[in-house]
Amino acid sequence: MDLKATTHICASPVRDEEETHVFPTSPMYLIIVHGGTTGALLRIEGAETRLGRGTESTHQFHDPTVSRRHAVVTQDDEGQTWITDLGSSNGTFVDNKRIPPRKPIQIEDGARIQLGGTVVLKFVTLDPCDERFQREMYERTVRDNLTGLYNRAYLLEQIGPLCERNFIRGLGTAVLMIDVDHFKRINDTHGHDAGDAALREVAKTLRDSTRSEDLVARYGGEEFLVALPTSSKEQALERAEQIRMFLADRIIRAGRRELRITASFGVSCSLIGRPRTINALISTADLALYEAKRAGRNRVVDASQLLAEGERRTESCEALAV
């Protein structure tokens with residue numbers, strides 16, 4: 001998305017020749033204020049928009065204080081909008097007042113809606129110009145300026161929901177922690193412009209070699225993270241190896257210079273029957289990445305293999321102590 005354009009000219013609403021006073025209705029949205037990715041637009045569509053933690057919700061909130069079936073937003077024949085609490089455990093609030101369960105309450109443009117303890121939304125109607133502006137501002141908050149990938153904050157908010165969606169599909173989640181080899185040397189030898197070009201090329205390689213269901217982010221500095229659905233550890237390692245080879249084959253052009261770069265990969269998996277927490281997934285992938293760097297770089301290291309070796313060493317030490 002081009003984020004440089006700040007002025008938008010929208011066409012005037014088209015009037016019907018016979019009914020000159022009828023204008024199209026502006027779309028309605030819930031904008032996340034707190035308890036998710038701030039600024040995200042959640043469109044209100046159809047006869048009812050279901051809000052909750054459950055997978056059947058139109059808009060799903062991964063917050064423990066939100067009930068699985070928390071609330072529903074509806075419209076009547078006159079175009080009025082209503083919200084109904086579905087008997088949630090922690091309540092639904094409109095403009096800081098808790099509404100009674102199972103009783104529709106009318107909401108006006110600008111109303112502040114709270115689900116449970118932390119999720120806060122703003123109900124708004126947006127014309128096409130306002131909608132585009134809001135989406136551009138949202139993109140700026142979740143994207144890394146240099147690479148265009150998602151930033152670390154957005155990644156950490158979304159990796160939990162990704163794991164949950166994968167679990168529902170009967171899949172595990174793999175985390176690939178990626179670090180550009182000898183990046184400081186690139187900056188010191190060829191300048192920061194070349195370093196920036198290298199990071200952009202890594203980002204492009206990750207976009208080209210991943211799918212829409214994968215979560216790709218710049219984790220910080222020259223580190224990147226990919227979270228993706230997987231059915232096995234072997235499948236995750238194969239994906240990592242493919243990306244590593246794609247990157248090694250790329251030629252980076254920085255001014256008149258042509259560079260080749262490589263990267264090291266640490267891979268960690270949370271599989272059906274062998275789940276791991278988000279913190280454990282990331283920390284073990286980081287541990288495997290460190291081992292890949294220590295072992296010579298430009299390689300993929302499996303975190304589970306390192307953990308197994310560590311367990312064997314511990315068992316050996318305990319046996320000797322006995």
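Student: Leaving aside its neighbours within four places in sequence, which residues is T37 in contact with?
Tutor: Keep in mind that this is a predicted model. With those neighbours set aside, T37 is in contact with I32, Y138, V142, Y154, E157 and Q158. You'll find T37 in the loop between β1 and β2.

Student: Why is T37 called buried?
Tutor: Set the value against the cut-off. The relative accessible area of T37 is 7%, and buried means under 20%. So T37 counts as buried.

Student: What makes T37 and Q158 a polar contact?
Tutor: Their side chains make that contact at 3.3 Å, and the limit is within 3.5 Å for a pair of N or O atoms. So the pair passes on distance.

Student: Where else do T37 and Q158 turn up?
Tutor: In the largest pocket: I32, T37, L42, Q60 and Q158 lie nearest its centre, out of 17 lining residues. About 530 Å³ of space lies in that pocket.

Student: Which element gives the most to the lining of the largest pocket?
Tutor: That's α2, with five residues. Both β4 and α2 (152–168) supply at least two residues each. Sorted by class, the lining has seven nonpolar, seven polar and three charged residues.

Student: How do you know that β1 and β2 pair?
Tutor: Count the bridges. Three of them join strand β1 (residues 28–34) to β2, and pairing needs at least two. Therefore β1 and β2 count as paired, and they run antiparallel.

Student: What is the order of the strands in the open sheet?
Tutor: Six strands form it, in the order β2-β1-β11-β10-β7-β8, with antiparallel pairing.

Student: Why are β2 and β8 called edge strands?
Tutor: Look at their pairing: β2 (41–43) and β8 (97–98) each pair on one side only.

Student: How do you know that β12 pairs with β14?
Tutor: β12 and strand β14 (residues 223–230) share eight bridges in the antiparallel sense, against a requirement of at least two. So the two strands pair. As a place to look, L176 stands opposite V226 in β14.

Student: And how is β12 joined to β17?
Tutor: Eight bridges join β12 to strand β17 (residues 263–270), and these strands run antiparallel. Here T173 stands opposite S270 in β17.

Student: What makes β12 a mostly covered strand?
Tutor: Nine of its nine residues, 172–180, are buried. In a regular strand, side chains alternate between the two faces of the sheet. In β12, one side has G172, A174, L176, I178 and V180, the other has T173, V175, M177 and D179, and all are buried.

Student: Is H70 buried or exposed?
Tutor: Buried: its relative accessible area is 0%, and the cut-off is under 20%. H70 sits in the loop between β4 (59–60) and β5 (71–75).

Conventions
Residues numbered from 1 in each chain as written. Predicted model: local features only at pLDDT ≥ 70, side-chain atom pairs only at ≥ 80, totals over all residues. Heavy atoms only, no water. Buried < 20%, exposed > 50% of the residue type's maximum accessible area, 1.4 Å probe, protein only. Helix = DSSP H or I, 4+ residues; strand = E, 2+ residues; numbered from the N terminus. 1 Å grid on protein atoms, 1.4 Å probe; cavity = no way out; pocket = protein on both sides within 12 Å on 5 of 7 lines; lining within 4 Å. Points joined across faces, edges and corners; volume = space filled by probe spheres on them. Nonpolar A, V, L, I, M, F, W, Y, C, P; charged D, E, K, R; others polar. Polar contact = N/O pair within 3.5 Å; in protein donor to acceptor, adjacent residues only side chain to side chain. Contact = heavy atoms within 4.5 Å.
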